[in-house]
Each structure stands twice: as structure tokens, then as C-alpha cells.
Amino acid sequence: MFEGHKNENPYAHLDNLDRKCTALFGKSDNLDNIKLILFSHTLGEAPRDWLTHLQGGPFTTFQEVGTRFLKRYYPSTLMAKIRKEITGIQQGGGETLQEYYERFVRLCASCPNHNLDETSLIDQFLQGMNDLDARLLQCSAGGSFNNMTPSEVRALIETMAEGNQGRGGRMGQVNMTSTVDLKAMESRITQNFETRFSQMLKAVGAKIEPRKCEFCGDTNHATDECDRLQEDVNAIGSYSNQRQPFSQTYNES
């Protein structure tokens, strides 16, 4: 029963009526007429009185009544207020990811005409997450959300939220399991990056080779940086200079 109180959601009331009628009568051709007839019986005294004296009637479709109903009990000022709450949502201190996500879902459902697409909604949710959950979620996504669709990110959020609920963890309380999970995720990201980087280099014809001096075999420097090679070159140069007079004498003869 909808009484018209401020804490009541007219969208939820219409949706509830639609679901119940569909469950009872199926996808009947007369379903719209059935909802139109039953609608007044779902209202309290004040809303029923408003409907009785509503100008423009009688109405022939449930959509007409629903539109006027929402305009009366869900004004544009309230819609703007809810939309502002959605775009500025923040995870509260001590609020689990599960609680934060459920609050976000309820807020969006309370204002279906918020005019925000799925990408914007998910972006607002991510921006409002605390640092720990945001880091864990990003690790779960492989380090970036760039290659994921909004629906895939939402599915990942739901999975992580359910896991968080199962552990019963609160934000700001990092247990050993979370720490180990995070380290494992970071390790997988590092391995992922190295694999992809190697594949990228191979794709452009590059080859990764270990750094090794071909002269002395040391792996800590390249051949052209070898001190021993330079010493031998200098020694050979010095020996050649000492032999120069003999070479000149030999050439002259």
C-alpha cells in the first residue's frame, strides 16, 4: 500500500504492481487494463483521493496513470537530489564493499530516470571506493579496466563483494588472507606484464638476450664495457709502439 510518505519510492511501487500482475495473469493482452483497474486499490487514502480528483481523466492506459503518479510523488527536485547522491557516492569508513555496493544499487533503483549510462555509473562507483578495495579490484582485473566492458566490471564488483561478505571483513582491517591475496595478485600482474612485453618485442622483431661480455664471460657488463679488454688493447698498443722502430728499419731495408 502506497501512502505517499517521503520515504516511499513510487518507482518501486509501480514495479511491484507490475511484477505481481504479471505473476498472476501472465503476459495477457489485458494486462495493462488489469493494472489500471487494480492500481487504485494499492493506494492509501491520500494518494487515492489525489487519483480520484486527477484532471485529464478518465485514463485509458496504465502508462498514462503511471506517468502522472510519478510526476506527483517523484518531483524533479527529488530526482536531482538522488542523481547528485549517485554521482557523489563514497564508501563510508567501516563500510564493507558488499554494503557499499548494495547501497549503490538501491540508490540507482530509487531513481531509474537518473540519465546516467552504465559506464558513468560504474565510473562513479569506482571513484567512491576506498583505497584498499579499489586496489584489490584493480588487481583482480589484471591491473586495468581498459579492456573490460562496464557489465564485466560490474560482474567483477559483485563477485568481489560477495567474497568480502563471506570473510566478514571491514574496511581498514587488513587480515592475513587479504594480504596474501594481494601479493599473489601483484605477482600475477608482474608475470602478465613481462609476458606481454616479451610478446610485444617479438612482434616487432626484437629479441631479448642476456647481458654478457663476449671477452671475459662476465654477465655484469657488455663487451664494449669490459675493463680487461681495454687493458689488453692498451697493452697491445704499447707493444706496437715499442716495435715501431724495428718495423721502420725492416721496411726501409
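Figure 1. Leu 24, Phe 25, Ile 37 and Leu 38 make a nonpolar surface patch of about 410 Å². Patches are made of residues with over 30% relative accessible area and no salt bridge, like charges being joined within 9 Å and nonpolar side chains (Val, Leu, Ile, Met, Phe, Trp, Tyr) within 5 Å. Accessible areas come from the Shrake-Rupley method with a 1.4 Å probe, and for residues only the protein chains shown count as cover. The model is predicted: local features need pLDDT of at least 70 and side-chain atom pairs count only at pLDDT 80 or more, whereas totals for chains, interfaces and linings use all residues. Residues are numbered from 1 along each chain as its sequence is written, and side-chain values use heavy atoms, with hydrogens and water left out. At least two residues of the patch come from each of helix 1 (10–25) and helix 2 (31–39). Helices (H or I, at least four residues) and strands (E, at least two) are DSSP runs, numbered from the N terminus. Leu 24, in helix 1, counts as exposed at 68% relative accessibility; buried means under 20% relative accessible area, exposed over 50%, and partly exposed in between (1.4 Å probe, protein chains only).

**Figure 2. Salt bridge between Asp 18 and Lys 35.** Five salt bridges are found in the whole structure, each a side-chain nitrogen of Lys or Arg within 4 Å of a carboxyl oxygen of Asp or Glu. For Asp 18 and Lys 35 the N to O distance is 2.7 Å. Asp 18 belongs to helix 1 and Lys 35 to helix 2, 17 residues apart. Asp 18 is partly exposed at 28%, while Lys 35 is buried at 10%.

**Figure 3. Aromatic pair of Trp 50 and Tyr 73.** Rings of Phe, Tyr and Trp (its six-membered ring) pair if their centres lie within 6.5 Å; planes under 30 degrees apart count as stacked, over 60 as edge-to-face and the rest as tilted. The count by this rule is 11 aromatic pairs. Trp 50 and Tyr 73 are edge-to-face, 5.6 Å centre to centre with 80° between the planes. Trp 50 is in helix 3 (residues 45–52) and Tyr 73 in helix 4 (residues 62–73), so the pair ties together parts 23 residues apart in sequence. Both Trp 50 and Tyr 73 are buried.

**Figure 4. Stacked pair of Tyr 100 and Phe 125.** The ring centres of Tyr 100 and Phe 125 are 4.4 Å apart and the planes are at 20°, so the pair is stacked. Tyr 100 lies in helix 6 (residues 97–109) and Phe 125 in helix 7 (residues 118–127), 25 residues apart. Tyr 100 is buried at 0% relative accessibility, and Phe 125 is buried with a relative accessible area of 0%. Buried residues of helix 6 include Tyr 101, Phe 104 and Leu 107.

**Figure 5. Salt bridge between Arg 154 and Glu 118.** The closest N and O atoms of Arg 154 and Glu 118 are 2.5 Å apart. Arg 154 is in helix 9 (residues 150–167) and Glu 118 in helix 7, so the pair ties together parts 36 residues apart in sequence. Arg 154 is buried at 19%, whereas Glu 118 is partly exposed at 30%.
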